[in-house]
Amino acid sequence: MALRKGFLFCLVSLLGVSFAAACSKSSATPAPGTGGTGGGAGAGGSTQAGGSGGTGGSAPLDAGLGGSAPVDAGANPSVIPPGRMIDWSRAGVPGGIPARADICATIDASLYGNGTANATIAINAALDACPEGQVVFLPAGDYRLEAPINLKAKSKITLRGAGPGKTVLRPIDGIAAAITTGQSNLSNERTITGGSDKGSTSIAVSDASGIQPGSILDIYQANDPDFYWSRGGFTDHTGQYAMVTRVSGTTIEIEDPLVWSFTLNPRCKVKTNKGITWVGVEDLTITAGNTYGGSMIQFWDAYASWIRNVETAWGNGNEHIYLYGSLRCEVRDSYIHDTYSTTDGYGIETAMGYGGPRGGCTGTLIENNVFSGLWGATILETEVGSVVAYNFSRNMRFPGWPDYQIYDFNGNHGPHGMMCLFEGNVGGGGIQQDGYHGSVSHATYFRNAWSGVHVESNRTGNIKLVDLCRFSYYHNVVGNVLGSPAWPRTTIGKYEMTGQPGYTQQAVIYRLGYPNMGNNGYSATNPPSNADDGGLDPKVAATLLRWGNFDYQNDATRWEASEIPQDVAVPATQTLPASLRYLARPAWWPQDIVWPPIGPDKTPMVDRIPAQVRYGAM
């Protein structure tokens, strides 16, 4: 072992990396947003509920950045029934993103930041040698990557640049990602014999062998015909990931409460090898040309890991950031923009498992980012208990539709996402739950501002701000501002879509229960099924809770009992909480920006959010 350690140290030195053997604090200046709290770009995350991860070595080595107190969802005045909500303050890195200052290695920019030398080997060697709780630092420079930077299954380290636009990574054509990670396997299946109700943090299993503190469980149940549908006939795709904090016999304690009562043959598997844990990528740019088909960053099977103050630009891949099978990861304070792709080109994709494990992610936080020039800021699949909040989206576009708008956020593209929150986002194109690969349920849209106005003035067709396609059940739309003073209410504007209009014939606030993510056609005789011959799905509207939304078609805030589902009591209040995620203004929110920024109970109803201010200053 000693020989191996010495060999690695020498290899790192030969590759042009300055390695601090004593791991003392580096004199290098950290990039903006990596070491402090408060407002502005790159500020630290808020304090989350749930502590630092329980027992078994899951807590971070270093203190997290400060934030607001966690939300007690039950204490917030809300019109949303508890059965349709969870504690969304728990999304993201537990305790906030750690503030790491000790730099274990600095890559020699004169050797590897000149734009021509292959920097991958040097960076990977530095990461392999870096002790926990420390940072591999990439000074300003242009770093050519001829293979992925592979974080493997590293724990508690940070890869940090000198700042976006200063440290630039350029992956060459033919590699899968600029930055990637290791992947996990799943154990044999075990039956859950008790404790599987919503809110539970302790479950009993038939066999606890191989489960220990720090293990990640995949908890799931059989398909529920009340809300589940899958194009591919997938089963057992309703579930969540959970980290184990304690094992006593066959009783397993988990870090986060169950988001649902898993009562239909509940089972679980354990990830038998870990992905990355408590790993961060910060303060750099990744960009590529029009023949690069890979991702910029991939996180596979990650826990409590983050991407912060990162710029991703261009490339011709399916997405910039790809998350799979991960738990409580975070993408924040970043600028994700532009694609050469004419078929896809999303900002963030969280992917389902096609025919295999469920995939998707649990407890993801996507917050305070700028998205521009993409085919959708997000496309989420099988996402559970996650939060998309305070993001600014602009110029979402698809080259094949030069005169039409598309959504800002796609909340579900595969079975079965549930219990996600979209709060405080600003954009032109709104939200779509597309129903293409499968169902989604119990999503909440709170205090968003979706205008229906595109930055390209010719894009006046296909305007639909809340587009809940077939199998989008038990959703909540509360306190949003929908449309703009330019809304065409006297011409083609409608509150809800009816019939089968062409793209330019109706601009709608709501499109509910349509079978296609694209066109407005449907079968008048068939029930909702696949995209080719499906009918309208009336259950989407029947289970949708709408309350306190201002829309420019009615030019008023609606408090309509008729828009409350029959099995839900009409709310007794028109008072809206400031947030469903934060108990108070979060520490990262600048003091000179209004909190909360959006809502029909404000004057003006829409103020700028920090990401929007940041974009305006670029």
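**Close-up views of a predicted model**

**View 1. Tyr 390 and Trp 588 are both buried (under 20% relative accessible area, with exposed over 50% and partly exposed in between; 1.4 Å probe, protein chains only).** Their ring centres are 6.4 Å apart and their planes stand at 65°, so the pair is edge-to-face (rings of Phe, Tyr and Trp, the last by its six-membered ring, pair with centres within 6.5 Å; planes under 30 degrees apart are stacked, over 60 edge-to-face, the rest tilted). This is a predicted model in which local features need pLDDT of at least 70 and side-chain atom pairs pLDDT 80 or more, while totals for chains, interfaces and linings use all residues. Residues are numbered from 1 along each chain as its sequence is written, and side-chain values use heavy atoms, without hydrogens and water.

View 2. Helices (H or I, at least four residues) and strands (E, at least two) are DSSP runs, numbered from the N terminus. Tyr 335 is buried at 18% relative accessible area, whereas Tyr 615 is partly exposed at 23%.

**View 3. Ser 484 lies in the loop between strand S42 (481–482) and S43.** Its relative accessibility is 10%, so Ser 484 counts as buried. Beyond neighbours within four places in sequence, Ser 484 is in contact with Ser 451, Val 453 and Tyr 552 (heavy atoms within 4.5 Å).

**View 4. The charged end of Arg 358 sits over the ring of Tyr 241, 4.8 Å from its centre.** The criterion is NZ of Lys or CZ of Arg within 6 Å of the ring centre and within 35 degrees of the ring normal.
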